[in-house]
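Subject: Structure handover

Hello,

Here is the structure I said I would pass on. Please open it alongside this message; my notes follow below.

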Amino acid sequence: MQRIIVGLALAATLFSFVLPEAARAQPETTVLQGRVLDVATGEPLIGAQVSVVGTDQGAVTDVDGRYRISLPPGSYDLRVVYLGYSDKTVTGVPVQDRAAHYQDVTLASQAIEAEGIEVVISAAEERGSVAGA
C-alpha cells in the first residue's frame, strides 16, 4: 500500500513539472464573432459558411446569423459563402489577444443562372366534379 502512495506522489510531482510546460506551449486563442446579414434588408442569413482563409477554421451561422471562431492573435482574411448570394472576402481582420473582436459581414443577393435545365409542367384535365368527389 505504501508503494502505491509513493508511486502516486512521484507521478503527481512529475506532472506538476510537465503540465505547466504543456500549458505554455499551447497558443492562447481569442474569439472572433459577428453576424452575416443581407445587405438590402438587414435580415440575418442562416447557414452561411464563414471560413478563415489559409486555415481549417470556420463556422456556420445560426438562426440569428451569428458565428464564432476561436483563433490565435493575428490578422486574418474571412471568406463568406451563402447560396444565392455573391461570395465575399473580408481581408485584414485583426484578432488581438484577450480582446473581444467583432466582424459583421453583409452579402448582396445574386441571381443564379442554370444552363441546360428545362422545366416541363404537365397536368391532366380534371374530369370530376365537386359533388362527385
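**A buried threonine**

Thr30 has a relative accessibility of 5%, so this residue counts as buried, the cut-off for that class being under 20%. Please bear in mind throughout that this is a predicted model.

Thr30 belongs to strand β1, which covers residues 30-38. What does the side chain of Thr30 reach? It comes to 3.2 Å from the backbone oxygen of Gln96. If neighbours within four places in sequence are set aside, the contacts of Thr30 are Ile69, Ser70, Leu71, Val95, Gln96, Asp97, Arg98 and Ala99.

Strand β2 is made up of residues 49-52. Val50 and Val52 lie on its covered face, while Gln49 and Ser51 lie on the uncovered one. In a regular strand, side chains alternate between the two faces of the sheet.

β2 pairs with two strands that I looked at:

- Strand β3 (residues 58-60) runs antiparallel to β2, with three bridges between them. Here Ser51 is opposite Gly58.
- Strand β5 (residues 74-81) is also antiparallel to β2, and four bridges join the two. On this side Ser51 is opposite Arg79.

**One salt bridge**

How many salt bridges does the count come to? The count comes to one. Asp87, at 42%, counts as partly exposed.

**A nonpolar surface patch**

Which residues form a nonpolar patch on the surface? They are Ile117, Val119 and Ile121, and together they have about 390 Å² of accessible area. Val119 lies in the segment after β8 (105-107). Its relative accessible area is 67%, so Val119 is exposed, the cut-off for that class being over 50%.

Regards

Technical notes. Residues numbered from 1 in each chain as written. Predicted model: local features only at pLDDT ≥ 70, side-chain atom pairs only at ≥ 80, totals over all residues. Heavy atoms only, no water. Buried < 20%, exposed > 50% of the residue type's maximum accessible area, 1.4 Å probe, protein only. Polar contact = N/O pair within 3.5 Å; in protein donor to acceptor, adjacent residues only side chain to side chain. Contact = heavy atoms within 4.5 Å. Patch = residues over 30% accessible without salt bridge, like charges linked within 9 Å, V, L, I, M, F, W, Y side chains within 5 Å. Areas by Shrake-Rupley, 256 points an atom, 1.4 Å probe, with all protein chains shown as cover. Salt bridge = Lys/Arg side-chain N within 4 Å of Asp/Glu carboxyl O. Pairing = 2+ DSSP bridges.
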